[in-house]
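Subject: Structure for you to look at

Dear colleague,

Here is the structure I said I would pass on. My notes on it follow below the entry.

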Amino acid sequence: MKSHRKHWTERMFVDKAELWLYWMNKKWKNAPRIARQIKKILKRYGISKGRVLELGCGNGRITIYLARQGFEATGVDISQLYIDDARKRADRMKVMAHFIRGDIRRIDRLVHRKFDVVISIWTSLGYYTRQTDEQIFKKVSKLLNKDGLFLVLNTMSREWLLKRFSPAFFEETDRYIKLNRNTFDRLHSVLHNKWMTYRKEGQDLIYEDEIEFDLRIYALCELVEMAEKAGLHLKEAYDSILTLEPAKSDSPANLVFQKCQV
Ligand SMILES: C[S@@+](CC[C@H](N)C(=O)[O-])C[C@H]1O[C@@H](n2cnc3c(N)ncnc32)[C@H](O)[C@@H]1O
């Protein structure tokens, strides 16, 4: 029998979109620096202007700063709240960026032009099945112009996780304490996460909400394999987008793929 339970991405990014928006906003401060680093990478491939598409753009921190760097930038996200917020922010910042609400699994139906660059940053792969991600790679490849680039950045790799896995830890901000409990199914390479959020009120912690989700964690070689199957060649692997040092044995995924000549 088919399960009618919603996929966790819908529960987290649509039904409980406000909660995640709070944590996403915390990442805005490093967006200008990341966009400058992306621009540096693109310059190495002779791309100094052109059309850029971000998959799973959230409320636009990278898309907006790339537009400010002179790119014709489009962001796609499944969450209406994030897309509305991204549009408001772009207006406030007087930046021309384009935002589309939609599902990246159907990216081929959402955009009807080719791009010089497609970016997946801070995890928009690993949310569904491996077959789905293979399809996403193939669709991205079709959307790219000749010699176009697909950048997979700031995404957890199996190598990185196995070195740093922690079953429980917490994060604290001025407003919240978030308890993170994790289990890692090594046989299927799926990281199960449970986040419980408590609001700080004086000396007390008030339970606010919780969410559980599963992330498929790829080894770097699996991402390369999926890309190659889609006609995308690995050009570079970095340890970090901020340093652009070459990848080490336990680096997260910071990969540059280029569409192969046909
Ligand atoms: C971890 S956030 C990263 C946001 C953004 N890339 C950034 O770096 O700030 C992942 C984003 O992917 C979006 N997302 C998840 N599944 C999606 C799907 N199937 N189609 C489009 N967006 C999706 C979520 O709504 C969320 O905004």
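K229 is exposed, because 12 other C-beta atoms lie within 10 Å of its own and a residue counts as exposed at 12 or fewer. K229 belongs to helix α9 (residues 220-229). I119 and K229 are 110 residues apart in sequence, and their C-alpha atoms are 18 Å apart in space. Please keep in mind that this is a predicted model.

Domains

The domain assignment of the protein gives two parts: domain 1 covers 8-154 + 219-259, and domain 2 covers 160-216. Taken over C-alpha atoms, their centres are separated by 24 Å. Contact between them involves 11 residues of domain 1 and 11 residues of domain 2. On the domain 1 side, helix α1 (residues 8-15) gives the most, with three residues. By class, that side of domain 1 has five charged, four nonpolar and two polar residues.

Helix α4

How many of the eight residues of α4 are buried? Seven of them are, so α4 is largely enclosed by the rest of the structure. The buried residues are R61, I62, T63, I64, Y65, L66 and A67. Their cover includes the helices α3 (31-44) and α5 (80-92), together with the strands β1 (51-55), β2 and β4 (115-121). After α4 comes G70, which has a positive phi near 105°.

Ligand shell

The ligand is surrounded by 22 residues, and the closest are F13, G56, G58, I78 and W122. Three elements, α1, α4 (61-68) and β2 (72-77), each supply at least two residues of this shell. Sorted by class, the shell has 11 nonpolar, six polar and five charged residues.

The sheet

There is an open sheet of four strands, in the order β6-β7-β8-β9, with antiparallel pairing. Which strands stand at the edges? They are β6 (168-172) and β9 (204-216); each has a single partner strand, so one side of each is left without a neighbour in the sheet. From one strand to the next the twist averages 20°.

Going through the pairs in order, β6 and strand β7 (residues 176-185) are antiparallel and share five bridges. A hairpin of three residues joins β6 to β7. Across this pair, F170 stands opposite L179 in β7, and E171 stands opposite K178 in β7.

The next pair is β7 with strand β8 (residues 190-201), which run antiparallel and are joined by 10 bridges. Here I177 stands opposite Y198 in β8. The hairpin of β7 and β8 has four residues between the strands, and in it S189 takes a positive phi near 55°.

Regards

Methods: Residues are numbered from 1 along each chain as its sequence is written. This is a predicted model: local features need pLDDT of at least 70, side-chain atom pairs count only at pLDDT 80 or more; totals for chains, interfaces and linings use all residues. Domain bounds come from an automatic or database domain assignment. Two residues are in contact if their C-beta atoms, placed from the backbone, lie within 7 Å. Ala, Val, Leu, Ile, Met, Phe, Trp, Tyr, Cys and Pro count as nonpolar, Asp, Glu, Lys and Arg as charged, and the others, Gly among them, as polar. Two strands pair if DSSP finds at least two bridges between them. Axes are lines fitted to C-alpha atoms, for helices over the stretch in contact, and angles run from 0 to 180 degrees between N-to-C directions. A residue is near a molecule or strand if its C-beta atom, placed from the backbone, lies within 6 Å of it. A residue is buried if 20 or more other C-beta atoms lie within 10 Å of its own, exposed if 12 or fewer, and partly exposed in between; C-beta atoms are placed from the backbone.
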